[in-house]
Every structure is written in C-alpha cells, then in structure tokens.
Amino acid sequence: MERIAEWTSHGGRQIVCTHRSEATGGDMTFAVFLPPAAERGRCPVLWYLSGLTCTHANVMEKGEYRRAAAEAGLIVVCPDTSPRGDAPDDEAYDLGQGAGFYLDATQPPWAGRYAMRRYVAEELAELVRASFPVDADRQGITGHSMGGHGALTLALTLPGRFRSVSAFAPIVAPSQVPWGQKAFSAYLGPDRGTWRRHDAVALIEDGARLPDLLVDQGEADAFLERELRPHLLRHACEAAGIPLTLRMQPGYDHSYYFVSTFMADHVAWHAERLRA
C-alpha cells in the first residue's frame, strides 16, 4: 500500500492510498479520514460506498463528512466503485468502470476483475485493519445510490459485521428496476435466484435482518420513481419488523448537494450506535 496524498483537516488527516488488489486484478485507490482521536487509540470505522460514475474522490471532495467525523471520533473509509485501468468497460455510464454494483461478477467479460464485494468486504477490510487504528468490532456502513444498494446488501449478508447502517437515495430493489436489471444480467447472468442475494428488498423478504436503518431520499430526485423506489424498502421493513427511519426530503435531488446536507445526521446516527 502506498499513501499518495495527505492533508490535515479538522485536526485529523485525510489520506488517499493505492494498492495492488488481488480481488480486482489491478491497482485500486481509496480514501481514509483519520480523526484526531486516532492519534490516541483505535476508533470505530464508517464505510462509505459511492454511486454510479464515482470514485473515492466524489465524497471526499463534496461529502462534507470530516467535521462531523472528527468530532465523533470516526474513521471514514471510501473505496472506489469498480476496477480501473485495463478492466473491461462499457460505453454506458451504468455498466463497467464506475459501476461495479458491489458484487462478484460471474459472467464474461466481467468475471475475474469485477469482484467488488470480495474487494470491499474482505481484501480492503483486512488492509484497513492492518494499516490504520480501526476498532474492527465497531463498524458502520453507508452509501449513496448504487453505494446505498451496496451498503444495504453487505450489511444484510454479513450479519454482525456492521453495528449501524444508513443510506442516501439507495437502489433498494435492483431486481425490479432498470439499473439493477441491466447490471445483474451482465454481471450475474439470467438466474433471478442469484439476483436475490444482491437485492436488499429480496434479502429482507428471504429472512435477512438489520437492527435498524436510516434512509434519506430527495423528493426532487429524477431517479426516484424509476430506479430507487424507497416505498418497496418501507413495505419490506414493515413486514419484517425492521425499524426504518425513511426521511423524504422536499426539494432535494440526487446530487452531492443532497448528500452533503444530511451527511452530519448520518455520521451522528452511526456514532451513537458505535459507541463502546
């Protein structure tokens, strides 16, 4: 692992690292914010998964999480969204590089490089534990759009890993919407039974559970009805008895103006649940 950039911010350190990934077969870049408390000992960690077209840099530069994370004593880790470089790609923005969907692809040409679930949940998690003062027993996860999908599905399929879960405008039922149907068909093939293991609503219907969940969704989001459909998550959580705080935010769209506005609320949500 190589640290390629570092800045002081809110008394902590914003770091960007690169490393060779076995899971994705290429170099991967990620960002880590260390709060001032990390100088004194191990801190809880909040994972942030980004959405379509994004890298680690989008939330690092626009997400406005550092002040809240510094005050709460949270380490924040921001992975990339896909393999890069010579990895297979597609001319569309919603498939290929920038669109890994946090799953392990099984279909050509994506299999072998598009292993973002294994990368985030296993390889990067181990690298972060070995390289930074994280308390691995106190982890939370959040994300935006495709990253919200990733946060929900990782938390639902890794019971006990994450004490706290939230999302900004997540793709809650990818099997039922065009973004997910396109990606799942390409990466996983036609078997919809396989798709269910990467679909938050389907996972809840099939018995997976979370202790509670915070979701913010902009009412002016252009993707609300076609791709996001948060009412499906609400119905699934109600049927399963999962406490869901779903906040519909008037006037807000899908951008980082929306994410940054409510970022401090999400950091506080996680900090409360990650206290020792």
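## Exercises: salt bridges and a buried cysteine

Glu-205 and Arg-196 form a salt bridge, with 3.2 Å between the closest N and O atoms (a side-chain nitrogen of Lys or Arg within 4 Å of a carboxyl oxygen of Asp or Glu). This is a predicted model: local features need pLDDT of at least 70, side-chain atom pairs count only at pLDDT 80 or more, and totals for chains, interfaces and linings use all residues. Residues are numbered from 1 along each chain as its sequence is written, and side-chain values use heavy atoms, leaving out hydrogens and water.

**Exercise 1.** Classify Glu-205 as buried or exposed.

*Solution.* Take the cut-offs: buried is under 20% relative accessible area, exposed over 50%, partly exposed in between (1.4 Å probe, protein chains only). Glu-205 has 52%, so Glu-205 is exposed.

**Exercise 2.** Find which parts of the chain the Glu-39 and Arg-13 pair links.

*Solution.* Start with the bridge: the two side chains meet at 3.3 Å, N to O. Then place them: Glu-39 lies in the loop between β3 (26-34) and β4 (43-49), Arg-13 in strand β2 (residues 12-21), 26 residues apart. Strands are DSSP runs of E, at least two residues; helices are runs of H or I, at least four; both are numbered from the N terminus.

**Exercise 3.** Locate Cys-237 and list its contacts beyond four places in sequence.

*Solution.* Cys-237 sits in helix α9 (residues 230-240). Its relative accessible area is 1%, so Cys-237 is buried. Contacts (heavy atoms within 4.5 Å) are Ile-204, Leu-213, Ile-242 and Leu-244.
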